[in-house]
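Here is a short report on a protein model.

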Amino acid sequence: MRAASGPELWLLRLMAERGLRLLGATGLIIAMTRESELEVVAEAGAATPRVRSLPLHGSALGTVCESRTSLALEQPTARETPWLTELGVAAAAVLVEPLPFEGQLGLLIALGDREPGFDRSEVAAASDLARSIVERLEAERSTERERLRHGVLARERERTRWARELHDETVQGLASLRLLLESARCLNDSHERQQVLENALAEVDREIDALRHLITELRPAALDDLGLVAALEALARRAGAIDGLTVNTDIAVNGPVPRLGPEAESAVYRIAQEALTNVAKHSGAAHAELALHVQGDRLLATVRDDGIGFASADPASTMTARPESSGNGAVAAATGFGLSGMQERAELVGADLDVTSEPGAGTTVRVSVPISGPTTT
Ligand SMILES: Nc1ncnc2c1ncn2[C@@H]1O[C@H](COP(=O)(O)OP(=O)(O)OP(=O)(O)O)[C@@H](O)[C@H]1O
Ligand SMILES: [Mg+2]
């Protein structure tokens, strides 16, 4: 069984505060099982339990929890509520609601100081509150699972991409090298053999360069060492050198350059990288521009090209990506390998991705990331 994670704890604390006001209670305690323990995970009001954790088996509170029943008690005696004594809290009235949640057990305990105790509407409200806590926890966990699934999918696609890249670049290169050496073996003329060996050596050099390039792409050291701006500048230079594009790096950041954290920086870098690769592959553009701007509390990265735009792109590959052009020229980046990968990366770091394209007037890819935390110069 898993302990409540950060967002779940935050949610439970919020619900405890809300429940306190809703029930007019003086104190509210939420406890959840973890392994064989019952842990106090949230409390509100005057309830300050003496212990944070009790054994599920062998404690009075554990027995109440395992009974999975609701309780409403007035003027409870110490004999009736030894579990209150265990927690080190006292009350003139007490409500208990079970919180069964994905194989875990839990308790909502509301404490009151009034006589008579909680009325019928408050008892019903406590039961509604318990149900809503369980529903919110389930929703939180399924969102988390969905996030994880997305992450796994994104990584799988990434691997497929690198496998394809290695196959197309390195394996093909080595295969042609092998053919060259094979032919050298059959040559009797030493001059000719020498020539073929020279060619083979040149091929080895090309392969080393290509592998170095692949390694840099896998994890650009510049991103960790020098930050996003330097890494993007290097990326633009490489795109220019390799794909023959004239990439204007308009990296205009007013004032200090915000550091976004490794995941967000890596996402922006990869999105820019895929966008530039697409420019080289599909747009027929002579110029591309890579820009970085701070707009309020967001960092905006833009890759713009002056190529053919989506409409006249190769129909077969467009079908793979199925970009749907809306009336205002916005392209829904929902499918396709590169475009959907960009979308996933953006979602994972809470960024917005926007791809717009006009036939004959180029394509623009924008990613906008929330800036949080301190900035560096
Ligand atoms: N800058 C661009 N200019 C023109 N067409 C583009 C541009 N970017 C993308 N496209 C079109 O959108 C399609 C989908 O792009 P996407 O990046 O998803 O896939 P891909 O580049 O074909 O393959 P992959 O990225 O998986 O190697 C492309 O095949 C191309 O037709
Ligand atoms: Mg692509």
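Two strands pair if DSSP finds at least two bridges between them. Strands (E, at least two residues) and helices (H or I, at least four) are DSSP runs, numbered from the N terminus. In the hairpin of β9 and β10, two residues lie between the strands, and Gly296 takes a positive phi near 60 degrees. Strands β9 (residues 287-295) and β10 (residues 298-305) run antiparallel and are joined by eight bridges. Ala291 stands opposite Thr302 in β10.

The model is predicted: local features need pLDDT of at least 70, side-chain atom pairs count only at pLDDT 80 or more, and totals for chains, interfaces and linings use all residues. Residues are numbered from 1 along each chain as its sequence is written, chains are lettered from A and ligands numbered from 1 in the order in which they are written, and side-chain values use heavy atoms, with hydrogens and water left out.

**Metal site**

Glu274 (OE) and Asn278 (OD1) coordinate the magnesium ion (ligand 2) at 2.1 Å. Donors here are N, O and S atoms within 2.8 Å of the metal (3.2 Å for Na, K and Ca); water is not among the atoms, so sites may look incomplete. Glu274 sits in helix α8 (residues 262-283). Glu274 and Asn278 are four residues apart in α8, so about one helical turn separates them. An α-helix has 3.6 residues a turn, so residues three or four places apart point the same way. Both Glu274 and Asn278 are buried. Beyond residues up to four places away in sequence, Glu274 touches Arg161, Gly338 and Met342; contact means heavy atoms within 4.5 Å.

**Burial**

Buried means under 20% relative accessible area, exposed over 50%, and partly exposed in between (1.4 Å probe, protein chains only).

| Residue | Relative accessible area | Class |
|---|---|---|
| Glu274 | 10% | buried |
| Glu203 | 12% | buried |
| Cys65 | 1% | buried |
| Cys186 | 60% | exposed |

Glu203 belongs to helix α5 (residues 190-218). Its contacts, leaving aside neighbours within four places in sequence, are Gly173, Ser176, Leu177 and Leu180. The structure holds zero disulfides, a disulfide being a pair of cysteine sulfur atoms within 2.5 Å.

**Helix α4**

A kink of about 30 degrees is centred on His167 in α4. The bend at a residue is the angle between axes fitted to the seven residues ending there and the seven starting there.
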